Amino acid sequence: MFNALVVNKDDEGKTSAAVTQIGEDGLPAGDVTVAVEYSTVNYKDGLCIGPGGGLVKDYPHVPGIDFAGTVESSSDDRYSPGDRVVLTGWRVGEIWWGGYAQKACVKADWLVPLPDALSTRDAMAVGTAGFTSMLCVMALEAQGLQPGNGPVLVTGAAGGVGSVAIGILAGLGYEVAAVTGRPEAADYLKLLGATQIVAREDINETVKRPLESELWAGCVDAVGGPMLARVLGQMKYGSSVAAVGLAGGVSLPASVLPFILRGINLLGIDSVMQPFDNRVAAWERIAKDLPLAKLHAMVSDATLADLPELGKDILKGLVRGRVIVDVNK
Ligand code: NDP
């Protein structure tokens, strides 16, 4: 028997989550059983711990869209007992039991061997949010972004994606401007490497002018909605925005003028279905380019029992940085 956070749905469709003992024979049939050490809390986890947001199809359900741990047994010859692995994406924690448990059984194709330089705890300090931040940085670089081009804007800055993006960009020598709705987070964002703080309300409203002064050499956007539309009109000629999130809404009330008059690129970033080779490349870049001191400055610790409350908090935008869940505590 082992501990898991199990979400149940009653006859009226109401969900409830509680730490529960389950047996190994209850695990889904995968190729690799992992002794999970750490998981974390992402925006999607908030949905899956709660009413599901349409992501969870079957109950009882074990959420946790990412985890890191050690292989316990494997029927796939790519993995052996003792191997350290990390998993993000593939809809694990949504349509497959996830990382909020002391054990997980998954498909070998979904796992990535953890780089030697990262502990399992560091891997979950990064988690899906941080892995996706690195995908954003890599996509912006592929479009020609370099330190010296000008400030890079990060929206949703005090959240998970934003915090790790700031840490990576500042570590690589970029000037970083951080958009936050939490003025009290300014010192934290500066500690991570932001040199400019932009108040959310200054950039969240739609303006009539589709083109404003050219301010940003690149952007990692975790917010979407009216903020993304506004940011497009403030990008420097020929620069790119990595659109990764929807914390501010799914609409995009934008004009085509930034695209056709300034050659702006809007790059869509998805972490869930990334091919294996890109995943390995991103984790290697994380191990090399995310300063661990910055990573450690953005984490707080939690246990499985804390998750029902943390799930609500992240949906309200109240979680700062990254939360590491020690599933064995
Ligand atoms: P967090 O909740 O940790 O961060 C989101 C941040 O956005 C908040 O901390 C807040 O930052 C800001 N924010 C929240 N609500 C609003 C609002 N109404 N208007 C403007 N800003 C707001 O979530 P994550 O960092 O884990 O994820 C960020 C987004 O990226 C989510 O939408 C998530 O679904 C998405 N995502 C997408 C992935 C992909 O593969 N494409 C992978 C991972 C995440 P502040 O307080 O500083 O303003």
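Is tryptophan 283 buried or exposed? Tryptophan 283 has a relative accessible area of 2%, which is under the 20% limit, so this residue counts as buried. The model is predicted. It holds 2 aromatic pairs, and its largest pocket has a volume of about 1,100 Å³. The structure also has 1 cavity of 30 Å³ or more.

**Aromatic pairs**

- A pair of aromatic rings is described by the distance of the centres and the angle of the planes.
- The structure contains 2 such pairs. For tryptophan 96 and tryptophan 110 the ring centres are 5.0 Å apart and the planes stand at 90°, so this pair is edge-to-face.
- Tryptophan 96 belongs to the loop between strand E5 (84-88) and strand E6 (103-106), while tryptophan 110 belongs to the loop between E6 and strand E7 (111-113); the pair therefore ties together parts that are 14 residues apart in sequence.
- Both tryptophan 96 and tryptophan 110 are buried.
- Phenylalanine 131 and tryptophan 283 form a stacked pair, with 5.7 Å from centre to centre and 15° between the planes.
- Phenylalanine 131 has a relative accessible area of 0% and is buried.

**Charge over a ring**

- Arginine 320 places its charged end over the ring of tyrosine 188, at 3.9 Å from the ring centre.

**Strand E5 and its partners**

- Of the 5 residues in E5, 4 are buried, so the strand is mostly covered.
- Strand E4 (residues 66-74) and E5 run antiparallel and are joined by 5 bridges. Aspartate 66 stands opposite threonine 88 of E5.
- E5 and E7 also run antiparallel, with 3 bridges between them. Leucine 87 has leucine 111 in E7 as its bridge partner.

**Largest cavity**

- The largest cavity has a volume of about 30 Å³.
- Its lining consists of Val86, Leu87, Thr88, Trp110, Val112, Arg279 and Trp283.
- Two of these, Trp110 and Trp283, are also members of aromatic pairs.
- E5 and H8 each supply at least two lining residues of the largest cavity, and E5 gives the most, with 3 residues.
- By class, the lining of the largest cavity divides into 5 nonpolar residues, 1 polar and 1 charged.

**Largest pocket**

- The lining of the largest pocket comprises 24 nonpolar, 17 polar and 8 charged residues.

**Second largest pocket**

- About 150 Å³ of space lies in the second largest pocket.
- Of the 15 residues that line it, Val207, Pro210, Ala229, Pro253 and Ser255 are the closest to the centre.
- Helix H6 (residues 225-232) contributes the most to the lining of the second largest pocket, with 4 residues.
- This lining has 8 nonpolar, 3 polar and 4 charged residues.

Technical notes. Residues are numbered from 1 along each chain as its sequence is written. This is a predicted model: local features need pLDDT of at least 70, side-chain atom pairs count only at pLDDT 80 or more; totals for chains, interfaces and linings use all residues. Side-chain values use heavy atoms; hydrogens and water are left out. Rings of Phe, Tyr and Trp (its six-membered ring) pair if their centres lie within 6.5 Å; planes under 30 degrees apart count as stacked, over 60 as edge-to-face and the rest as tilted. Buried means under 20% relative accessible area, exposed over 50%, partly exposed in between (1.4 Å probe, protein chains only). A charge sits over a ring if NZ of Lys or CZ of Arg is within 6 Å of the ring centre and within 35 degrees of the ring normal. Two strands pair if DSSP finds at least two bridges between them. On a 1 Å grid over the protein atoms alone, a cavity is a set of points where a 1.4 Å probe fits but cannot get out, and a pocket is an open set with protein on both sides within 12 Å along at least five of seven lines; lining residues have an atom within 4 Å of a point. Grid points are joined across faces, edges and corners, and a volume is the space filled by probe spheres set on the points. Ala, Val, Leu, Ile, Met, Phe, Trp, Tyr, Cys and Pro count as nonpolar, Asp, Glu, Lys and Arg as charged, and the others, Gly among them, as polar.
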